[in-house]
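Please read the numbered points with the sequence and the model side by side.

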Amino acid sequence: MIYQLKKALLGLGLIGALVSGQAVAQKKLFPEAPGIVSYTYRNQFAKDVPGTLDMIKNNGITDIEFSNLFKQSPEDLRKMCDARGIKCSSYGVSYEDLVNKTDEVGKTAVALGAAFVRVASIPHKGAFTLDNAKQTVADFNKYGKLLKDQYGLTFIYHNHGFEFEPYQDGTLYDYLLKNTDPKYVSMELDILWAFLPGQDPAQLLAKYGNRYKALHMKDLKKGVERGSLSGTTPKDNDVILGTGQIDIPAVIKAARKAGVKHYYIEDESSSSVTQVPESIKYLNSLKKD
């Protein structure tokens, strides 16, 4: 039966095409479709949820991280995603909701079909301090355990730049990584919010390996000065991947070694609708060394 199928395919010239396609994919550094963060299309989602999901699917994207429900119930949002073959793998919430609405967060994430719950900032006044970091460690360990034990979810923290305050022989970000329990607390590396403060995203991936479950893929406009720990930069400093300052291929290689599975494009700029397809083209043009 297998021989007959091969013979039929060979007669149609399909085996050669299949083998050729596989060879091309093997030469690519990033052959798959990336994911997307809903914040990229926040303005479009606010006006038209189904239409925005259609646009995402038309870009070949089937993996999404929602950081807003856009006035939909999680059940309805999941139905819309399911109808388009899109999977919500991560659900982003505020630090306050993680702590004060843990059960609601867990139930919503499960309803969405997500595997991860993500927090992207830590409340603090002025510079991020050791006391802030200590409280964060306690909260992340506590609520990460609750999400894992009660809902089977993995908690991930997304850096935002301010965590890289110097501390001992490293930074307070290192303190967070070293003092949170890997069983209950994992990381999502926003490569721009590591690069802008002066860090090397690829080196962080190499250093902490499988603590990272996901990336926010974005690039920083050329000419923007690095070293800021403010956690802010104008949104239009997000540019098409490969046109900015970050060594994207080095990041992807390090992420592969770390075992990262989710590569979400996050483009906060006012040009995200036109920039995202260009970023996808760039990713798919990368070749292995």
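1. In the packing of helix 4 against helix 5, Val 49, Pro 50 and Leu 53 of helix 4 meet Leu 77, Met 80 and Cys 81 of helix 5; contact here means heavy atoms within 4.5 Å. The residues of this contact divide into 6 nonpolar, no polar and no charged, where Ala, Val, Leu, Ile, Met, Phe, Trp, Tyr, Cys and Pro count as nonpolar, Asp, Glu, Lys and Arg as charged, and the others, Gly among them, as polar. Helices (H or I, at least four residues) and strands (E, at least two) are DSSP runs, numbered from the N terminus.

2. The model is predicted: local features need pLDDT of at least 70 and side-chain atom pairs count only at pLDDT 80 or more, while totals for chains, interfaces and linings use all residues. Residues are numbered from 1 along each chain as its sequence is written, and side-chain values use heavy atoms, with hydrogens and water left out.

3. Two packed helices are described by the angle between their axes and the distance between the axes. For helix 4 (residues 49–58) and helix 5 (residues 74–83), the axes come within 10 Å and cross at roughly 35°. Axes are lines fitted to C-alpha atoms, for helices over the stretch in contact, and angles run from 0 to 180 degrees between N-to-C directions. The crossing of helix 4 and helix 5 is right-handed; a crossing is right-handed if the near helix is turned clockwise from the far one by less than a right angle, and left-handed if anticlockwise.

4. The strands form a closed barrel of 8, in the order 1-2-3-4-5-8-9-12, with parallel pairing. The twist from one strand to the next averages 30°. Two strands pair if DSSP finds at least two bridges between them. Strand 4 (residues 116–119) and strand 5 (residues 154–158) run parallel and are joined by 4 bridges, and Phe 116 has Thr 154 in strand 5 as its bridge partner.

5. Helix 11 (residues 201–208) touches strand 8 (185–190) and strand 9 (212–217), and its direction makes about 175° with that of strand 9. Helix 13 (residues 272–285) touches strand 1 (35–37), strand 9 and strand 12 (262–265), with a direction at about 140° to that of strand 12.

6. Strand 2 (residues 63–66) pairs with strand 3 in the parallel sense over 4 bridges, and the bridge partner of Glu 65 in strand 3 is Ser 90. Why is strand 3 (residues 87–93) largely enclosed by the rest of the structure? The reason is that 6 of its 7 residues are buried, that is, under 20% relative accessible area, with exposed over 50% and partly exposed in between (1.4 Å probe, protein chains only).

7. The largest nonpolar core has 80 residues, and those with the most contacts inside it are Leu 205, Met 217 and Leu 283. Helix 12 (residues 248–258) gives the most to this core, with 6 residues. Such a core is a set of buried Ala, Val, Leu, Ile, Met, Phe, Trp, Tyr and Cys residues joined through side-chain atoms within 4.5 Å. Leaving aside neighbours within four places in sequence, the contacts of Leu 283 include Phe 30, Met 217, Leu 241 and Ile 265.

8. Helix 9 (residues 172–179) is largely enclosed by the rest of the structure, because 6 of its 8 residues are buried. These are Leu 172, Tyr 173, Asp 174, Tyr 175, Leu 176 and Leu 177. Their cover includes helix 8, strand 8, helix 11 and strand 9.

9. Most residues other than glycine have a negative phi, and most peptide bonds are trans. In the loop between strand 2 and helix 5 lies Phe 70, whose phi is near 50°, a positive value. Lys 71, in the loop between strand 2 and helix 5, has a phi near 65°, also positive. Are these residues buried or exposed? Phe 70 is buried, with a relative accessible area of 11%, whereas Lys 71 counts as exposed at 88% relative accessibility.

10. Phe 162, in the loop between strand 5 and strand 6, counts as buried at 5% relative accessibility. Not counting residues up to four places away in sequence, Phe 162 touches Ser 121, Ile 122, His 124, Phe 128, Tyr 157 and Leu 229.
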